[in-house]
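Please look at the sequence and the structure, then read on.

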Amino acid sequence: MSDFPPQRPKTIKTSELLHRGVDQQYENLRTLVQQLSTSREEERTQPLLTFLQQCKQQCTQLLSLTFWSHRHANVLKRSSQILQHAESYRNQTNETNDRLFFMHANLDRAKERMYDLSTAIDVLYKGSYLRLPSVIERAMYPREFPPHNLTKTADTLNNLIRYRLIQSNIPKQFTSISLDHGFVYFTCSGQFEIVFTLQGLQPDAVWHVVRVHTILTDVNALQQYQTHSSAFRIFQNSAPNPTQYAHIRNLLQTALNHAEEPFLEAFKLMKEFCASLALHILRSQAQLLLDGPWKHRLSTVYHRQGNMLDFMYWPHRCSASSQSQEVLERRKKASIPPFSTSGMSVRFSIGVGKQLVAVQLHPQLSVSISNRTEKILEMPTNMLEISAERLLLAAMKAHAKAFLEGFQRLLFRNMTKERGHCRLLSGQCVWIQREEGRLQIRNANVEGLCHCIELTFDIRQGKCIVSAPSTSMRSVLYQYTKSLEDALNTQCKLQMTEEPHRPADTHKSDQSKPFTLFLDHENALKTLQSLLCKALNELTLEECINGISSLKRLEVYRNIQIEWQRYKEVCMNDMEAITISENALFVQLLSLKHSNYYLIIEIDPIDRMDVSVPLDDDIDHYIHSPQFSLIQLNSELAGQQSAQFFHRFPPIRKQIIATTLRESFESANRSAKASLAANLNTFPCKKKCPFKAVQREENANIDLTRVLIHMIHQCHDRIQLHQCMSFARRRKARIRFTGSALSMGKSLGHQVVTFAFPEEKMLAMEIDLLSACLMSDSMELHARLRGVSMQPSASSLSLCIEKLRYVKENGDVVFRYKSNDSNSENPLENCLMEVANLIKPMCVLRSSLKQALALAHEDCHFFMEHADPFEIVLASKEKVNGACYRLKIQCKPKSGFVLAFTPITHPLLPFIQSAFNVHQDAVQLLEALERTAIPLGLLWELIQSPAALYYSSVSELKKAKGMVNRLEPRRLLFIPRSQTHVRLVYDHRSLLDIRFLKKRAVHVTMWRKDEFALAVIARNETIQNLEQFSAQLPEILSELAT
């Protein structure tokens, strides 16, 4: 085969081709320069131009080749493969030609006859054939066996086999041994079966192997384990053929002939044979995985030296370590092949003892993890249950648990417990809980958190996954978790070594090294913990936002620009201690006209807790985080808001939250008992009250929502207290607090604040006493006016409490302002404004109405039914058509006096109200009411009543003549003209003007259109009293409808 052409390089890199082209052009240029150094300048032009053209042409060719190779990479690859196959075909053709040539030379020697010279010499020289077989004498007439009893022979052989089995050492791995007709069956369940017998009836007869077969050729077993087609095909292809069975039977027979313990040797040999079959099955199944779902994720290596199979995965998680010279020499001399450093691996080898196949992980796991993963990594004893994918996933799960433990040990200062508290380098306390396949981390500084950050391991991708509760991909929490995930996957590596270890030493504590990770650079730990702190803080803020969002009328802001210049001028000493975190939450509690109140929630305050404090539950009686503050911002400036008030709350005592929860359940329990006592027909309930169990739980888990609600109540109390202080400072009043003290740490609800004004101020405001009752959701102000006797509200006490304005029994005026009312900048200032602008005019009106009613006591139809500073009610003395008319007078801040007439609609009331707000004369109000109320009531009731009520009063003569028409109210239109004038329009053809005069007289004018569409006066008269008006009103309405 020396005529083969020399092999040329099949491919060349583009970069190498470019380097070669540049080097060649450089050499050509240097040669040209040396040649032209002795020539004249005119002679140099043409050679240089030729060189440049050649260089340009070559560069153009290289550029075209580069573009073509990138665009047609697949075509180039296929062309190289075709060329390789063609070269291989040519070489094989030449080799076949050479072999045929040499074979033809040997054909002549093969044609020569082979003569039996020794036999010919014996026959010709001695006349005999000594080498003739003696059996030829009985070939025509075979010898007959003597008669014998097969049953007796079988029993004798069975007894002898029993005797020999009792004397022999039989391995315990054989699951069943049976004896039948002189054959003994040794079965190892799920693996193989061997049939023995004795070669004679002698006591020392040798054991003879009759038959050997494995479970792979058992038809019943294959039908029992129904698997998919690919796995079944692998089992069929891996099953031994008859030739292999004959070979293994000969090996067994040879081993039995020379072994002192034949059954033990037979078991070892067959176990090794079945283990080799199991490794072959695993290798075939791994090839299917490589071609299918685990492509480019898994690699396999088979070591013939020790009959071992390695599965390698996750190459990006490992980093190879440099080996010393001694380790390299020891590795060369070792009988066990080394592990690969390109990734993690699981090795399958022939098992020891009961194990069919030994499973060995690299790198080794710690003792705690190896004990827990021993069951899932156990190789099945039945070869039909072998699954390479299941074993691979089990190995990956074990390594994933080791990775999670390594992350925990790396991030949290070598902490190996499955759960407990730990501090980061920044001083933040976290709660760690490691379960099966996940690591949960929660911020332990904040009480009542429900969510946590989970670290899991994706075994298919070989990456760590950091997950948080479902958030938007644009949220800050999602960005922090993804940054932490990328940092863990890129900066945390595993140091790998190639040093092998024996499977028997894998479970020894002195041989197993901890599964340790290392970082790429020194600042990686700070980076990881910083990202973890940010993610935990952001998760806490998200949970706070979710808790606040469940409440009504609260808005949350992440960032607010605050101007501190005005606050610095007022509070110079306290300004140095005020710092607000960048990640603080601003909860808008109250939005007023000129200012807003915000609750500030800080998760990572500037002045952190001392790191040296031990994590003891005995001293943890306070909630230090989140840290809460209250701020008032002035919204007058454009763009920025200036701070007017700032207060930082101290740490909350946990017992207060539990006490508040218990008191709420106690109040609910009392209300439930009261409702049961009120209903006499209700049977007593035998079930236990659920509130009693809650009362006993003094140290219940603190919920974050409860803490937020408690702090919102605290802020409302502090806002009310600040409003009281501001009011006292502005009005120069002395303030006195009564009720629960602020230093006790309890709620400020129902705390009473009393204001004492200077004498001139009290005279100007006409207030004898002003006190404020601070409640959780409102502020109740009690004002006692000077020289004014107040009538208490007519409603019951429970209904008065529900009202916002009422009068108590002692004459105090009560104002109740809701905390979330945007119109009340300061309830105390609003109270003074209402006293001056609302209550005082109502008191003046009440006195003037009393005088006017006293003067016209007999001639007036109305009397004062009720009068308090908020409402005056005038009622009719006599009922008109069974109804009592009432006029309610109230005073509004922007509308002035507002009148309401019941139970009918008074069409002239807007004119009366407008005129009354101008003149504010009680006599004119009573005059207008006296003129219009009763007549309009008669008119309204007659129109709304059935027609028979006023048809009956019409004379029978008019009914007979057909002069009575039915009045349809829907065609009647009321047009108010003034305080005492109203116009009725019926079907756009009849008009009726009603003017209410003094002394209860009524002037009626009726207009009707004639056939020429001209207005004609049909009636024009004055009715002197209301009795005549009531009697003539049906006739007037009948004429209007004619």
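## Terms and basis

Two strands pair if DSSP finds at least two bridges between them. Helices (H or I, at least four residues) and strands (E, at least two) are DSSP runs, numbered from the N terminus.

The model is predicted: local features need pLDDT of at least 70, side-chain atom pairs count only at pLDDT 80 or more, and totals for chains, interfaces and linings use all residues. Residues are numbered from 1 along each chain as its sequence is written, and side-chain values use heavy atoms, with hydrogens and water left out.

## A sheet of five strands

Five strands form an open sheet in the order S10-S11-S12-S13-S14, with antiparallel pairing. Its edge strands, S10 (419–423) and S14 (463–467), each pair on one side only. From one strand to the next, the twist averages 25°. S10 and S11 (residues 429–435) run antiparallel and are joined by five bridges; Cys-422 has Val-430 in S11 as its bridge partner.

Helix H13 (residues 476–491) packs on the sheet and touches S13 (453–458) and S14, where touching, or contact, means heavy atoms within 4.5 Å. The direction of H13 makes about 160° with that of S14. Helix H14 (residues 524–549) also packs on the sheet, touching S11, S12 (438–443) and S13, and its direction makes about 65° with that of S12. Axes are lines fitted to C-alpha atoms, for helices over the stretch in contact, and angles run from 0 to 180 degrees between N-to-C directions.

## Two packed helices

Helix H18 (residues 704–731) packs against helix H21 (residues 827–855) at an angle of about 55°, with the axes 8 Å apart. H18 and H21 are therefore oblique to each other; angles under 35 degrees count as roughly parallel, over 145 as roughly antiparallel, 65 to 115 as roughly perpendicular and the rest as oblique.

In H18, Gln-723, Cys-724, Phe-727, Arg-730 and Arg-731 meet Pro-827, Leu-828, Glu-829 and Leu-832 of H21.

## Two single residues

Arg-409 lies in helix H12 (residues 388–411). Arg-409 is buried, with a relative accessible area of 15%. Buried means under 20% relative accessible area, exposed over 50%, and partly exposed in between (1.4 Å probe, protein chains only). Arg-409 and Leu-517 are 108 residues apart in sequence and 8.6 Å apart in space, C-alpha to C-alpha.

Ser-342 belongs to the loop between helix H10 (325–333) and strand S8 (344–350). With a relative accessible area of 42%, Ser-342 is partly exposed.
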